Amino acid sequence: MEQSDLDTISEIVARYGYIEWTLIGFTPARDYNIYSYFTDPSILPVFKYVLVSILKTLEEYLEKTQPSYESALQTAGSC
């Protein structure tokens, strides 16, 4: 992400009264990128806690709603 992109995001979120923002991108290879802007670095531990909480909630939801790869294979192989 280029600095001009980060500046554009900051301008947009400032219009809505936000100061801190974060974008998180995930890849199929289990890599991730975090782009963020915090005016107060003391927020980082809270951000980490909230991010981990969101990811755990998402994982639980996906486990409940999406068939696992192993169960899909077992179902496909049974008659």
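A residue is called buried at under 20% relative accessible area, exposed at over 50% and partly exposed in between, with a 1.4 Å probe and protein chains only. By that criterion, buried residues make up 6% of the 79 residues in the chain.

The model is predicted: local features need pLDDT of at least 70 and side-chain atom pairs count only at pLDDT 80 or more, whereas totals for chains, interfaces and linings use all residues. Residues are numbered from 1 along each chain as its sequence is written, and side-chain values use heavy atoms, with hydrogens and water left out.

**Fold and surface**

Helices (H or I, at least four residues) and strands (E, at least two) are DSSP runs, numbered from the N terminus. The chain has three helices and two strands, in the order α-β-β-α-α from the N terminus. Its accessible surface is about 7000 Å², with 58% belonging to carbon and sulfur atoms; the areas come from the Shrake-Rupley method with a 1.4 Å probe. A contact requires heavy atoms within 4.5 Å. Among the contacts in the chain with a separation of 6 or more, 13% are between residues 24 or more positions apart.

**The hairpin**

Strands pair if DSSP finds at least two bridges between them. Strands β1 and β2 run antiparallel and are joined by six bridges. Five residues lie between the strands of this hairpin, where Arg30 takes a positive phi near 65°. Two of the facing positions, and one C-alpha separation, are tabulated below.

| Residue | Counterpart | Relation |
|---|---|---|
| Gly25 | Asn33 | bridge partner in β2 |
| Trp21 | Tyr37 | opposite, in β2 |
| Ile34 | Thr22 | C-alpha atoms 6.9 Å apart |

Ile34 belongs to strand β2 and counts as partly exposed because its relative accessibility is 35%. Beyond its neighbours within four places in sequence, Ile34 contacts Thr22, Leu23, Ile24, Phe47 and Leu51.

**The second largest pocket**

On a 1 Å grid over the protein atoms alone, a pocket is an open set of points with protein on both sides within 12 Å along at least five of seven lines, and lining residues have an atom within 4 Å of a point. The second largest pocket holds about 250 Å³ of space, the volume being that filled by probe spheres set on the points. Its lining includes Ile34, Arg30 and Leu51. At least two lining residues come from each of β1 (21-26), β2 (32-37) and α2 (44-65).

Methods
1 Å grid on protein atoms, 1.4 Å probe; cavity = no way out; pocket = protein on both sides within 12 Å on 5 of 7 lines; lining within 4 Å.
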